[in-house]
Amino acid sequence: LTPLHDGTSCMCSKDAMIAYGMAEKLQGTGITVNTLDPGTVNTKMLLEGWGPCGISISEANDQFWLATSPELENTSGRYYVYRNERTSSRFAYAAENKDRLWKELERACGIEFN
């Protein structure tokens, strides 16, 4: 298997591609799928390795906001950073990249998503 990227994209792009692909596949079902960058959180591991360089754990609740916010009830296929909609890398929007990653995930899991 050849890499899905040239080394310039990161795991965030793949996370976004999965979310965008799911949003497309679930369109019209009433199920919404979005993704976010949680930011740098001062976890125990981060603090031990680099010191405090992010937000406190008590402030790291954007995932809860994304999952429960009434303002996003009918919003799907979006990417958020600090509760603001952003665009992810061009790589994540390319249909051939999303399709290739999705097929690889189906193969790895042994299931087909229709």
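**Reading the features step by step**

Reply: Trp65 is buried, as its relative accessible area is 12%. Please keep in mind throughout that this is a predicted model.

Me: Why does a value of 12% make Trp65 buried?

Reply: Buried means under 20% relative accessible area, and the 12% of Trp65 therefore places this residue among the buried ones. Tyr80 is likewise buried, with a value of 5%.

Me: How many aromatic pairs does a search of the whole structure find?

Reply: The search gives 2 aromatic pairs. One of them is formed by Tyr20 and Tyr93, which are stacked, with 4.9 Å from centre to centre and 15° between the planes. Tyr20 belongs to helix 1 (residues 11–25) and Tyr93 to helix 4 (residues 90–93), so this pair ties together parts 73 residues apart in sequence.

Me: Which residues make up the largest nonpolar core?

Reply: The general idea is that nonpolar side chains tend to be buried together in soluble globular proteins. Here the largest nonpolar core has 8 residues, namely Ala16, Met17, Tyr20, Tyr79, Val81, Phe91, Ala92 and Leu101. At least two residues of this core come from each of helix 1, strand 2 and helix 4. Helix 1 gives the largest share, 3 residues. There is also a second, separate core of 5 residues, with Leu36, Leu66, Leu72 and Tyr80 among them.

Me: What is Tyr79 in contact with, leaving aside its neighbours within four places in sequence?

Reply: Tyr79 is in contact with Tyr20, Thr35, Leu36, Asp37, Asn84, Glu85, Arg86, Thr87 and Ser88.

Me: Where is Asn42 found, and what does its side chain reach?

Reply: Asn42 sits in the loop between strand 1 (35–37) and helix 2 (44–50). Its relative accessibility is 13%, and Asn42 therefore counts as buried. The side chain of Asn42 reaches the backbone nitrogen of Cys53 at 3.1 Å. Not counting residues up to four places away in sequence, Asn42 touches Leu47, Gly51, Pro52, Cys53, Gly54, Ile55, Ser56 and Ile57.

Me: Which phi does Tyr82 have, and which does Arg83 have?

Reply: As a general rule, most residues other than glycine have a negative phi. Tyr82 is not a glycine, yet its phi is positive, at about 50°. Arg83 is not a glycine either, and has a positive phi of about 65°.

Me: Where do Tyr82 and Arg83 lie, and how accessible are they?

Reply: Tyr82 is found in the loop between strand 2 and strand 3 (84–86), and Arg83 lies in the loop between strand 2 and strand 3 as well. Tyr82 counts as partly exposed, at 47% relative accessibility. Arg83 also counts as partly exposed, at 37%.

Key. Residues numbered from 1 in each chain as written. Predicted model: local features only at pLDDT ≥ 70, side-chain atom pairs only at ≥ 80, totals over all residues. Heavy atoms only, no water. Helix = DSSP H or I, 4+ residues; strand = E, 2+ residues; numbered from the N terminus. Buried < 20%, exposed > 50% of the residue type's maximum accessible area, 1.4 Å probe, protein only. Polar contact = N/O pair within 3.5 Å; in protein donor to acceptor, adjacent residues only side chain to side chain. Contact = heavy atoms within 4.5 Å. Phe/Tyr/Trp six-rings, centres within 6.5 Å; stacked < 30°, edge-to-face > 60°. Core = buried A, V, L, I, M, F, W, Y, C linked by side-chain atoms within 4.5 Å.
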